[in-house]
Amino acid sequence: MKQEIRALSRVSPLVIGNDETFFDDELKIERTRATLSAKFGVPLDAVDVVSEYISGKLIIRSATIYLSSLDVDKLTKSN
C-alpha cells in the first residue's frame, strides 16, 4: 500500500527542453509583453501573456492588458 501511495504522489518533471531553448522562449514572452506594453502605452506589469508548451514548442495562447480608467480615457479619446 505504501508503495502505491508513493507511486501516485510522485511528480513527473516538466520537460521543456535545454536551457538555451528555455531562455529563448522566456525572451520571446518578455518581448511580446514589451511590444504590447508599448503599443497600448501601459506599464509592463499591466500585460499578462499566457503561454504553454505543446510538443516541446512554446505557444502563446493569449494576452490580457489591464487598463486603468485613465488608460481607457487615453485610448478612447477622439483626436
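Predicted model: local features only at pLDDT ≥ 70, side-chain atom pairs only at ≥ 80, totals over all residues.
**Entry: whole chain.** I went through the secondary structure and found three helices and two strands. In sequence order I read the pattern as α-α-β-β-α. For the accessible surface I have about 6700 Å², with 56% of this belonging to carbon and sulfur atoms. I then took the contacts between residues at least 6 apart in sequence; 30% of these join residues at least 24 apart.

**Entry: the hairpin.** I checked how strand 1 and strand 2 pair: the sense is antiparallel, over eight bridges. Ile54 stands opposite Lys57 of strand 2. Two residues lie between the strands of this hairpin, and I noted a positive phi near 55° for Ser55.

**Entry: Gly56.** I placed Gly56 in the loop that runs between strand 1 (47-54) and strand 2 (57-65). Its relative accessible area is 44%, so I list Gly56 as partly exposed. I also looked up its separation from Thr21: 35 residues in sequence, and 9.8 Å in space from C-alpha to C-alpha.

Entry: I found Leu67 in the loop between strand 2 and helix 3 (69-76). Buried or partly exposed, I asked of Leu67? I wrote down partly exposed, because the relative accessible area of Leu67 is 39%.

Key. Residues numbered from 1 in each chain as written. Heavy atoms only, no water. Helix = DSSP H or I, 4+ residues; strand = E, 2+ residues; numbered from the N terminus. Buried < 20%, exposed > 50% of the residue type's maximum accessible area, 1.4 Å probe, protein only. Pairing = 2+ DSSP bridges. Contact = heavy atoms within 4.5 Å. Areas by Shrake-Rupley, 256 points an atom, 1.4 Å probe, with all protein chains shown as cover.
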